[in-house]
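Me: I've got a model open and I'd like to learn how to read it, one feature at a time. Can you walk me through it?

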Amino acid sequence: MQLDQQVVLRNGVPMPMLGFGVWQLQDGREVADAVRTAVEVGYRSFDTASFYDNEAGVGTAIKDSGIARDDIFVTTKVWNQEQGYESTLRAFESSRKKLGLDVIDLYLVHWPVKGKFADTWRALEHLYREGHARAIGVSNFQPNHLRELLETCSVVPMVNQVEFHPLLAQTELRAFCAELGIQPEAWGPLMSGHLDQAEVSALAAKYGKTPAQIVLRWDIQHGVVTIPKSANRNRMMENLAIFDFALSDDDMAQLDAMNRNKRFGADPDNFNF
C-alpha cells in the first residue's frame, strides 16, 4: 500500500510517492465524492490548485473523511494571475480558507511566469518560514527557470512538479533536480490516455498488469512522485496496485527509450496564460 511508500523532502518532510490529482473535477459533489472514494481505497495525498476551482470540495471531503490531519498530505498551487509577492500571500490565504486547513503541506508556484516568479517565490519563502506551509516548491520549471530562481532565492524549492511520462522523460531536468536535492513529481503520468504504445502493451502482458500500472511503476522506480487522476473507483484501486512488482532494468531502459520529448500539456518556455 502506498502509505508505506514515501520520499523524504530535503527539509525532512515525508511525502507519499503516489497521490491523487483532482484537475478537471468540478467543485462540489463531483470532486468531494472522488476524494472521499480515494480516501476509502487508500490514498492519503491530494493535489489541487487555485486554478482548478475545486479546493473547497477537496477540503470538505478531507474534513469528512475522519482521517487524522497528520495522515493527509495536501498540495495546492498559486495561479499565474495571482503571482507577485502580496498577491501570492492573498492567494494562499484564499486557498487555505477554501481547503479549511491551517497549514498546507506543499505550496507550489504553478507556472514560471516571467518577471513574476521570483517575487512569488519570496512570498512562498515567507509562508514557509512562518510555518504556514510545511514545504514549498515549483511546477513546470525547466532548468533555465530554476537557474534564474537560484540567483535570488534563499530557500531552494523542495519539489518540482512537471509533465512526466515515457514520451517525455525529462532526463536533463531530473538530473538537474537531483543535483539540487529537488524532488521531481509527475503530472499527466498517463499521457492523457495515450497508453496504447506497443512497448507499454508488451510489458503489460509480460507482467500481468495494465498499461497504466506499467507506466506508473516506471515513474515510481525513477523516484518520481506521481499523482494520477481518476473519478472511477476501480481505476483508483488499479493505480494504487503498483507496489507488488518491479520492472527489470532492461524493461526500464526500454521505456526510457520511448522518449520523444512529446508534451500533451503546455510548453513551460512558451505559454500565454
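Me: Let's begin with helix packing: at what angle do H7 and H8 pack?

Reply: For axes, think of lines fitted to C-alpha atoms, for helices over the stretch in contact, with angles from 0 to 180 degrees between N-to-C directions. In this case H7 and H8 pack at about 95°, and their axes are 8 Å apart. That makes H7 roughly perpendicular to H8; the scheme is under 35 degrees roughly parallel, over 145 roughly antiparallel, 65 to 115 roughly perpendicular, and the rest oblique.

Me: What should I know about the source before going on?

Reply: This is a predicted model, where local features need pLDDT of at least 70 and side-chain atom pairs count only at pLDDT 80 or more, while totals for chains, interfaces and linings use all residues. Residues are numbered from 1 along each chain as its sequence is written, and side-chain values use heavy atoms, with hydrogens and water left out.

Me: Which residues meet between H7 and H8?

Reply: Contact means heavy atoms within 4.5 Å. From H7, Val200, Leu203, Ala204 and Tyr207 meet Pro211, Ile214 and Val215 of H8. By class that contact has seven nonpolar, no polar and no charged residues. The classes go like this: Ala, Val, Leu, Ile, Met, Phe, Trp, Tyr, Cys and Pro are nonpolar, Asp, Glu, Lys and Arg are charged, and the others, Gly among them, are polar.

Me: How many residues of helix H8 are buried?

Reply: Buried is under 20% relative accessible area, exposed is over 50%, and partly exposed is in between (1.4 Å probe, protein chains only). Nine of the 11 residues of H8 (residues 211–221) are buried, so the helix is largely enclosed by the rest of the structure. Among them are Arg217, Trp218 and Asp219. The buried residues pack against strand E9 (183–187), helix H7 (198–207), strand E10 (225–226), helix H9 (233–240) and helix H10 (249–256). Following H8 comes glycine 223, with a positive phi near 75°.

Me: Which residue does UniProt list for "binding site"?

Reply: The unreviewed UniProt entry lists His110. Such positions use the numbering here, feature names are shortened, and annotations may be inferred rather than shown by experiment. Histidine 110 is in the loop between strand E6 (104–109) and helix H4 (117–129), and is buried at 6% relative accessible area. Leaving aside neighbours within four places in sequence, its contacts include Phe51, Lys77, Trp79 and Asn140.

Conventions. Helix = DSSP H or I, 4+ residues; strand = E, 2+ residues; numbered from the N terminus.
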